[in-house]
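Please look over the structure below with the following notes at hand. They are meant to be read beside it.

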Amino acid sequence: MKKLVFIISIALGLLLSAGCDIAFKHKHDKGALLEVAGEYLHKSDLEQIIPSNISPEDSTTIADRFIRQWAIDILMYEKAQRNIANTKEIESLVEDYRKSLLVHEYEQQLINRRMEPVPEEEMQEFYEKYTSEFPIQEDILKGILLVVPQDAPQLKEVRTWLTDSDNTESLEKIEKYILQYATGYDFFLDRWVSLGQIARHIPAANLPRTIQTGLIEQADSTKLYLLKVEEIRHKGDNMPYEYAKPEIENILRNRKKIEFLQSFEDELYVDALNRGRINFLEQEDNQN
């Protein structure tokens, strides 16, 4: 707390030296550090924005900027209130925005509480019907990636294990080897991974132009990259169902959201009519 008070004192001193007109008033609000146009800045406000693991100089800079911007925001709002004569339109927009936020939040709660998950069968049926609508944007593959030092031991055995990666015993040996020698690795035998994700571990220049199933071995000045490609789908091919599933689920869920909300709104309207909460008023005949 003493550190924070010291930082605040320095920050306020910097603001004053910069020519800011800050009047120190009696603290009507307990714990307040600063008052501007009836608004108070508290110690707790600064505690929330100043990290504990930075230097006093950086803390002072953050406090200085925060205090200055806090005061400017209040003063600008005060000026705007005095100089904008007709605020009805703004108030109407604010109220409309408030209503939209409330309705949106209520809709999300309704969706989360009442909407059922998209059935697996429905997603599979959609995929089978629209398979051609899901082309792969880049190569995807299943396999294993190992990154080891150039002088790592047992590399001959490692190559054999990777080639025989469908064997449980080989996989166990690879896992043990990784713990001892690998500087990077990824197991994705059971999921599709994009080539872009693989390129995060292997420099792009070290990847062959055309990737096929089998063991791919590349090296740079210090590391050896061993990529066992178990399965691959090339750019332009149709996505496998597992890879397309998240996108399909999102499409179907959005459709169901629209249908669910439309149905809810219809029920809400009919119920209000039946309860007499919606009244159609007769219009006076203004014709002579």
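This is a predicted model: local features need pLDDT of at least 70, side-chain atom pairs count only at pLDDT 80 or more; totals for chains, interfaces and linings use all residues.

1. Residues are numbered from 1 along each chain as its sequence is written, and side-chain values use heavy atoms, with hydrogens and water left out.

2. Helix H6 spans residues 155-163 (helices are DSSP runs of H or I, at least four residues, and strands runs of E, at least two, numbered from the N terminus). Its buried residues are Leu-155, Val-158, Trp-161 and Leu-162 (buried: under 20% relative accessible area; exposed: over 50%; partly exposed in between; 1.4 Å probe, protein chains only). They fall within an arc of 115° seen down the axis of H6, so they line one face of the helix (the arc is that of the directions from the helix axis to the C-beta atoms). Lys-156 and Thr-163 are exposed on the face turned away from the buried side.

3. The cover over the buried residues of H6 includes strand S3 (140-149), helix H7 (168-181), strand S5 (214-219) and strand S6 (223-233).

4. Ser-165 sits in the loop between H6 and H7 and counts as buried because its relative accessibility is 2%. Its side chain makes polar contacts (N or O atoms within 3.5 Å; within protein, one able to donate a hydrogen and the other to accept it, and residues adjacent in sequence counting only if both atoms are side-chain atoms) with the side chains of Lys-228, at 2.9 Å, and Glu-230, at 3.0 Å.

5. Phe-280 lies in the segment after helix H9 (241-274). At 68% relative accessibility, Phe-280 counts as exposed.

Methods: Contact means heavy atoms within 4.5 Å.
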